[in-house]
Amino acid sequence: MTTKLLRRLALAAALAAGLTTALTAAAQAAGPLTYDLKPTRIAPDTYVFEGSTKHFTRANGGNILNSGFIVTVDGVIVIQTGPSRRYGEEMRAAIRKVTDKPIRKVFISNLHPDYWLGSQAFADVPLAALPGTIAGIQEEGSGIADNMYRLVGDWMRGTEVTVPTEPVYGSTVRFGDHRLRLIPLAGHTAADLMILDETTGVLFAGGVVFCNRTPTTPHASIADWLKELDAVDALDIRLLVPNHGHIRPDKTCVAQTRDWLTWLDGTLRHAIESGMDMAEALELPIPERFAVLDVLREEYRRSVAHLWPKIEQESLPRVN
Amino acid sequence: MLPIGRSCMRHALIGICFSAALLVSATPAFAAASPSDPLNSVMWEALREQYFAGAPVVFDDKVKVTAPASAEDTRAVPLSVDATALGQVVEMLAIADLNPFPLILRYHPGTAAPYIATRIKIQQATAVRGAARTADGVWHVSGVLVDAAGGGCSAPPVSYAQKDWADHVGEVQARLWPADADGVARLRLRIRHPNDTGLVDGIPAFFVETLTVQAQTPGGPSELARIDSLEPVSENPVYSLDLRPPPDAKALVLRGRDNQGGEIDAIIPMPPPGARPAMTLRPGDPLRSVGQ
């Protein structure tokens, strides 16, 4: 038995070596990884790097977000730093091609990986976030980074957890010729920062609004998130930049996000009340109107994992 | 290390050996010697010997295993095994091939429908299987692959973060839905218990081992179903069972024991008048769906 196993092990090692050589060759043929970031000007002084509406994959390197920057006369304001050190560095290089003004400040909207894992490239600049986001990254950042290495692989090379350095609160701040309103909310995560540029009317909504992309719920409280959407509805804006999905000059996607969250919460509650099991709920039908949301079934199933256990725990009566 | 640690090492070694076997099986000479596992799991040969030794095994889609393709929370992955398409079933198993403890539970459905759902811990991406033994002694096996970030078996239970967790161990929440036209009544239960694997250094294994559901009837108690559960069942275990309580049942009784001798005891009332049977999603359900 032992000899046979040893022989198999040796053969496996030989095969593995062959495979590694083949993979290395393929990687070299494809050239170095690059996000090929190109800024789109969406308003005066305001640019966005538009990402995919998919999940984190080895093909997209985690570029599933809309990061942005505002070029004020006093310097550049950066909003989100992307999923990896490589993204942050490419982003900084792309900004440099638009302006040679210094970067004044970086804002991070929440603790999810694509918002801040590129922060190493901006380590010389104040990295501003809500206190809840800073605490969340301190607590969960290393696990979040580990999971990104697993999901997108080599794109993450050299990426280390860089915790935001400057707590910010609800306020209006002036940078050069731009007035930015910092809006602290909670719901999508425990600390969501929206940034409204009052000068241009552009709202960087972070994770509060998703547009034609299924909302994600790993840190969500649905009831609070719906209140966040009410807060967005009350704002006077000209352009809404969601972190995930399409940029629109109206609030269509505020309604779309609200519709999804309301359906999701109501459907799971009804299924639990009706005796359905969590495994069965993974396959529940989703109404046709949500077919416009990208990664619909995958994200729905993730939400079942996030939301079901708590609703179930609250609904089952004690019997001893 | 505790004996559990050694056992874990042994499984890891078997895993490495069978990884080697899997790579080799790509060559025709070895492929003929290995019965084909539809999931190509490196552990199948060892598990087959361990849990089904001497018994005939067939891969059979009549056993429907439901679990997500990707585990969002590796400490509580939903899993259901539905063998109702086989008719009468004597015993059921759930197995996660690459867990340090592959066997999740044994279910003795008794008079119940051969369906069980729960939540499990997953240590790494793995095949997850359901097996059902019919009266002729044949094991019918099916399964799915679950991708995972890992660590579900070796993460410390969240329970221990609460100072008073020990005061609440064994608390039961449960609800019984009325029987449907086939006499099948859905029971869901949740037990507060750390259900600790013992893989975290310095914390001994502490998990629910047995659960029995009886019906209280005028003629005395009668057993409806029994679960032998093991380390991979999630913290605060949750089960869905499809029971057949006798028409004269006054209540159900849940009795159980954990591996440190702690007892679980609860009386589950019959559903109130006017309640409706549980809703389930069976194959062929006409409901439409998008985003598959």
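**View 1. B:Tyr107 faces B:Ile227, a residue of strand 12 of chain B.** Everything in these views comes from a predicted model.

**View 2. Strand 4 and strand 5 of chain B are linked by a hairpin.** If you follow the chain here, you pass through 6 residues between strand 4 of chain B and strand 5 of chain B. The two strands, residues 91–96 and residues 103–108, run antiparallel and share 4 bridges. A handy landmark is B:Ala94, which sits opposite B:Leu105 in strand 5 of chain B.

**View 3. Strand 4 of chain B also pairs with strand 7 of chain B.** This pairing is antiparallel too, with 6 bridges between strand 4 and strand 7 (residues 126–133) of chain B. Look for B:Ala96, with B:Val128 of strand 7 of chain B opposite.

**View 4. Now for the whole sheet: 9 strands of chain B make an open sheet with mixed pairing.** Reading across, the order is 1-8-7-4-5-12-11-14-15. At the edges you will find strand 1 (57–59) and strand 15 (263–269) of chain B, each of which pairs on one side only. From one strand to the next, the twist averages 20 degrees. Helix 3 (residues 44–52) of chain B packs on this sheet and touches strand 1, strand 4, strand 5 and strand 8 (139–146) of chain B. The direction of helix 3 of chain B makes about 150 degrees with that of strand 4 of chain B.

**View 5. Over in chain A, 5 strands form an open sheet in the order 8-9-10-11-12.** The pairing in this sheet is mixed. Strand 8 (171–175) and strand 12 (239–245) of chain A each have a single partner strand, so one side of each has no neighbour in the sheet. Neighbouring strands are turned by 30 degrees against each other on average, direction ignored.

**View 6. Here are strand 10 and strand 11 of chain A, with a helix lying across them.** Strand 10 (residues 192–197) and strand 11 (residues 202–211) of chain A pair in the antiparallel sense, with 3 bridges. Within this pair, A:Asp197 stands opposite A:Val202 in strand 11 of chain A. The helix is helix 5 (residues 222–233) of chain A, which also lies across strand 9 (178–185) of chain A and runs at about 150 degrees to strand 11 of chain A.

**View 7. Helix 6 and helix 8 of chain A cross at roughly 50 degrees.** The axes of helix 6 (residues 252–273) and helix 8 (residues 296–315) of chain A come within 10 Å. Because of that angle, helix 6 of chain A counts as oblique to helix 8 of chain A. The crossing of these two helices is right-handed. Among the residues that meet are A:Leu264, A:Leu268 and A:Ile272 from helix 6 of chain A, and A:Val304, A:Leu307 and A:Trp308 from helix 8 of chain A. By class, the residues of this contact are 7 nonpolar, 2 polar and 3 charged.

**View 8. Chain A is divided into two parts, domain 1 (40–251) and domain 2 (264–315).** Taken over C-alpha atoms, the centres of domain 1 and domain 2 of chain A are separated by 28 Å. Where the domains touch, 11 residues of domain 1 of chain A are in contact with 13 residues of domain 2 of chain A. The domain 1 side of this contact has 3 nonpolar, 6 polar and 2 charged residues.

How values were computed: Residues numbered from 1 in each chain as written. Chains lettered and ligands numbered in written order. Predicted model: local features only at pLDDT ≥ 70, side-chain atom pairs only at ≥ 80, totals over all residues. Pairing = 2+ DSSP bridges. Axes fitted to C-alpha atoms, helices over the stretch in contact; angles between N-to-C directions. Parallel < 35°, antiparallel > 145°, perpendicular 65-115°, else oblique. Left-handed = near helix turned anticlockwise from the far one by under 90°. Contact = placed C-beta atoms within 7 Å. Nonpolar A, V, L, I, M, F, W, Y, C, P; charged D, E, K, R; others polar. Domains from an automatic or database assignment.
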